[in-house]
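Here is a short briefing for a first look at this structure. It covers strand pairing, salt bridges and surface charge.

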Amino acid sequence: MSEQEDSSSTATDLTSLRKLVSQATTLHTKNLSAQSKIDIQQLTSRIIDLQTESSQPNFWETSNSQRNEVVTRELTKYTKLKEQMELWDRLRNDSIDALELLEELLGGTDNDSSNNEDDEMIQLTIEECESSATQLLELSTKYELATLLSGPYDDCSSTRIILTAGAGGTEACDWVSMLYRMYTRHATYMDMKVSTIEQSAGDVVGYKSVELLVEGTNVYGWFKGEKGAHRLVRLSPFNANNKRQTTFAGVDVVPILDEEVIKDVDIPDKELEVTTMRSGGKGGQNVNKVETGVRIKHLPSGIAVKCTEQRTQGLNKQLALTRLKAQLIAIAQEEQLQNINDIRGDVVEASWGKQIRNYVMQPYKMVKDGRSSYETSDVDGVLDGGEQLEEFIGAWLRWRRSEEEIKKEEEMKLEV
């Protein structure tokens, strides 16, 4: 490479680094503003207060159990936030310092007198600046998304994801298996724990339905935007003529709420249809020969919950009713209803029938979200459940926040 080409390449690197550092530091500053300008000193003081309280002799007594939980939760939260803020500050300072050093090195380098030692120093500084800024941008982006999880139940640490085959027969069952893989891999990618609660195999391949349990930080808030109908367009491997086929699968996301939240929810028996079934699978003769499985349907809304994992009918009925109440509460909150009695079948039908995302594999490749309009041609990347799906969920969270802000502005104008 000639000296002129080398100089042009370095200038390009410097321009790109300036842009990268600017993006990272701007988002970092925005995140700090979202924290109401809480600084590390304030966090340190708060942590010391909590540690002092937890060290009191009577703190761990049974009578003080509720306060124990609050203090422990806040101590974990603030300690983690302090560690995050210290890392952000270090990365910000490292990237800014490296960029300033790089500009000095390039400004003071005479091409005629440059040597290998100068070139090596410049390259190392470029790498240090890029590494620090990239890491700051990635961490700041993740934190920005976390601040968008501000709904009443977004911080739930456990949630159920129910996948159901729609129209399309064998093709729909295979589509459910693809979504099953996508969400399982995504939960793992996000450092969440995922397990399969229940699955109903398709007649040929795939699944008629699958129910997952996902556990992690803010897990309901992260996944709730996936609720709705997911549409797949591809050349069907189950079609003898290899024709393009469209099929649907329904995705429902339900938080697992604390007993305190649902204890006051009362559903009249006349609104419930309870049926029993054999659970099947492992568990011995009691599970396979006795109808221990329970399905409860809420007649006004049409919502049904099935539970088969417990060994007795009574336990399955209790668990199914708890899950049904949690689902109704979440829908009421989502639809901004006064109580669960206002939920009717048309509301539930609309939430399941609404097409939220298209996955097109033929005649072109594209995944597009119908709400945020975010799209990509990397269909395989999305279905692999990694970074590409994270981008879609992040785009939906930003879109939702934007919609909420627009709504508030309109309400304020009406009040004036």
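Strands β1 and β3 run antiparallel and are joined by 7 bridges. Two strands count as paired if DSSP finds at least two bridges between them. Strands (E, at least two residues) and helices (H or I, at least four) are DSSP runs, numbered from the N terminus.

This is a predicted model, in which local features need pLDDT of at least 70 and side-chain atom pairs count only at pLDDT 80 or more, while totals for chains, interfaces and linings use all residues. Residues are numbered from 1 along each chain as its sequence is written, and side-chain values use heavy atoms, leaving out hydrogens and water.

**Strand pairing**

- L163 has V210 in β3 as its bridge partner.
- Strand β2 (residues 193–201) also runs antiparallel to β3, with 8 bridges joining the two.
- One of the pairings here is S200 with S209 in β3.
- β2 and β3 form a hairpin with 5 residues between them.
- In that turn, G206 has a positive phi of about 65 degrees.

**Salt bridges**

- A salt bridge is a side-chain nitrogen of Lys or Arg within 4 Å of a carboxyl oxygen of Asp or Glu.
- The count by this rule is 24 salt bridges.
- R160 and E211 form a salt bridge, with their closest N and O atoms 2.6 Å apart.
- R160 sits in strand β1 (residues 158–165) and E211 in strand β3 (residues 207–215), so the pair ties together parts 51 residues apart in sequence.
- Both R160 and E211 are buried (buried is under 20% relative accessible area, exposed over 50%, partly exposed in between; 1.4 Å probe, protein chains only).
- D203 and K208 form a salt bridge too, at 3.3 Å between the closest N and O atoms.
- D203 is exposed at 70% relative accessibility, while K208 is partly exposed at 37%.
- Through shared partners, salt bridges join R160, E211, E309 and R323 into one network.
- R46 and E74 meet in a salt bridge of 2.8 Å, N to O.
- R46 lies in helix α2 (residues 40–54) and E74 in helix α3 (residues 65–107), so this pair links parts 28 residues apart in sequence.

**Surface charge**

- E403, E405, E409, E410, E411 and E415 gather in a negatively charged surface patch.
- Patches take residues with over 30% relative accessible area and no salt bridge, and like charges are joined within 9 Å.
- E403 belongs to helix α12 (residues 387–415).
- E403 is partly exposed, at 39% relative accessible area.

How values were computed:
Patch = residues over 30% accessible without salt bridge, like charges linked within 9 Å, V, L, I, M, F, W, Y side chains within 5 Å. Areas by Shrake-Rupley, 256 points an atom, 1.4 Å probe, with all protein chains shown as cover. Lys, Arg positive; Asp, Glu negative; His and termini not counted. Charge placed at Lys NZ, Arg CZ, Asp CG, Glu CD.
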